[in-house]
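Please consider the sequence and the model below together. The explanation that follows them is meant to be read with both in view.

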Amino acid sequence: MTELEKRGVPTVGIVAQPFRKDAVRTAETFGLPELQFSIVPEAFTSQPRERIRDMVDAAFDDIVRRLREDATAGEKVESEIVTLPDEWLSFGGDDAFEAMRLMNETFLEYQWSDGLPLLPPTRAAMAAMLSGAERDPDDVVAVLEPGFGLATVRKIAANAVMAGCSPAHLPVVIAAVEALADPHMDVRDKAMSTGMAAPLVVVNGPIRTRIGMNAGICSLGPGSPSHVNTVIGRAVRLCMMNVGRTYPGISDMDTIGSPMKYSMVVAENEEESPWDSYAAEKGFDAGTSTVTIQFCYGHSDLHDMWNTDPNKVIQVYATAPKYMGVVSSGLWLVGRRSDPRHGTEEKEGAFLLLSPQRANAFARNGWDKKRIRDALYREARASFRTLMFSRDPKMFAHPELSWLWDSPDTMLPILEDGSCFGIAVTGRGLSRDAYFWGMGGAVTKPIGK
């Protein structure tokens, strides 16, 4: 739409009422604040054809009017996001608690909050936080979509303060923002999705122990042992909101939402793992700390307290990719993303977090990560009928597999190949593990100073 309008072709978008704010915000972001929209009651997806025809017929006169008129004012929506010219805000009260309460109420009103209490980014708190990174506060770390916000060190630090981070955590948050902004992450698609995609953050290297991250029991939280993990994840979410402008109901159009969006951070338990770390598999040496981000729709508990044969364990664990998020996992059949920044190597991914007890049980039987991935790839299958589901055949990206339309019960792998399964070791105790079905592939970045 925006490209046609920029070329001088009058354009009117048909937008469902729940997406009205999203459409206007997107038009503003791409430099076309007067872009015209005709609003219909509901989205066309999952609607019978008759209902779609009725909505288009009802909007037809409005569409024609907007095409004929010289549009000086598009479908405007009063912005619910507040951008203030003043660098500092002041909040008073009978005591510091009252001032903090007023700040939190105001930040909720301005949409700057994730909904949980925030700590105030005062001058003193900002100075302390910025001491955690050996970079100029005005350095631009990244341009963060979908709002194309300039993620400076200072802005990242402000969100880290509000999340409850300490200065030692700031380099991890900066690296996470760099991962989010990597073109292969395609964060615009994930941030604005109607699905519940949330970033799983995995940290490797010496920084884990230096800043007190939890790689043991309950490493995904909650509670005191996972405090550092939690506040880092929360800072990442606040950066997505306040720098990338991923605001719920305005650009984040998640239909239901997910508690995973608040924070989902683990450190790999490298000390108790029998294998190279996830970062080492990606080519980083043991002295380099890294952040990996894999966006995930959801996760499933994995446990098998009875089998000691790895092949039988794999049969149990493969039930998660077989039956959890199988339609989104089968996206490899419909081709790569249309965004030209992405090469043909881009793949959909999934992530397994294995406990040290399970990992060592595999290792004692001669299994490494590659063997686990390959076994899951072979075992996790679904029919072509299921993977394509009700998708339009025009989306099919593999002409060499066209014969499958005549053999829809043929079993195919859930993911494109074994490398699509990421594996890291975390936690402690029993052999209880977790499978995360992903959206897109993972991105790993080194953590600087």
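The structure is a predicted model, in which local features need pLDDT of at least 70 and side-chain atom pairs count only at pLDDT 80 or more, while totals for chains, interfaces and linings use all residues. Residues are numbered from 1 along each chain as its sequence is written, and side-chain values use heavy atoms, with hydrogens and water left out. Helices (H or I, at least four residues) and strands (E, at least two) are DSSP runs, numbered from the N terminus.

Two packed helices are described by the angle between their axes and the distance between the axes. Here axes are lines fitted to C-alpha atoms, for helices over the stretch in contact, and angles run from 0 to 180 degrees between N-to-C directions. Helix H7 (residues 170–181) and helix H10 (residues 227–242) have axes that come within 10 Å and cross at roughly 45°. H7 is therefore oblique to H10; angles under 35 degrees count as roughly parallel, over 145 as roughly antiparallel, 65 to 115 as roughly perpendicular and the rest as oblique. The crossing of H7 past H10 is right-handed, a crossing being left-handed if the near helix is turned anticlockwise from the far one by less than a right angle, and right-handed if clockwise. H7 contributes Val172, Val173, Ala176, Val177 and Leu180 to the contact, and H10 contributes Ile232, Ala235, Val236, Cys239 and Met240. Contact means heavy atoms within 4.5 Å. Sorted by class, the contact of H7 with H10 has 10 nonpolar, no polar and no charged residues. In this classification Ala, Val, Leu, Ile, Met, Phe, Trp, Tyr, Cys and Pro count as nonpolar, Asp, Glu, Lys and Arg as charged, and the others, Gly among them, as polar.

H12 passes H16 in a right-handed crossing. From H12, Ile314, Gln315 and Tyr317 meet Ile372, Ala375, Leu376 and Glu379 of H16. The contact of H12 with H16 comprises 5 nonpolar residues, 1 polar and 1 charged.

Which residues of helix H15 (residues 356–364) are buried? They are Pro356, Arg358, Ala359 and Phe362, where buried means under 20% relative accessible area, exposed over 50%, and partly exposed in between (1.4 Å probe, protein chains only). These residues lie on the same side of H15 because they cover an arc of only 165° around the axis, the arc being that of the directions from the helix axis to the C-beta atoms. Just after H15, glycine 366 has a positive phi of about 85°.

In helix H2 (residues 20–29), the buried residues are Asp22, Ala23, Val24, Arg25 and Ala27. Their cover includes strand E1 (12–16) and strand E2 (36–40).

The peptide bond from glutamate 145 to proline 146 is cis, with omega near 10°, and proline 146 belongs to the loop between strand E3 (140–144) and strand E4 (149–152). Another cis peptide bond joins glycine 221 to proline 222, with omega near 5°; proline 222 is in the loop between helix H9 (207–210) and H10. Glutamine 111, a residue other than glycine, has a positive phi near 70° and is found in the loop between helix H4 (96–109) and helix H5 (123–130).

Two single residues complete the account. Methionine 241 is part of helix H10 and is buried, with a relative accessible area of 5%. Beyond its neighbours within four places in sequence, methionine 241 is in contact with Gln111, Ser113, Asp114, Thr246, Tyr247 and Pro248. Threonine 152 lies in strand E4 and is buried, with a relative accessible area of 12%. Not counting residues up to four places away in sequence, threonine 152 touches Pro137, Asp138, Asp139, Val140 and Val141.
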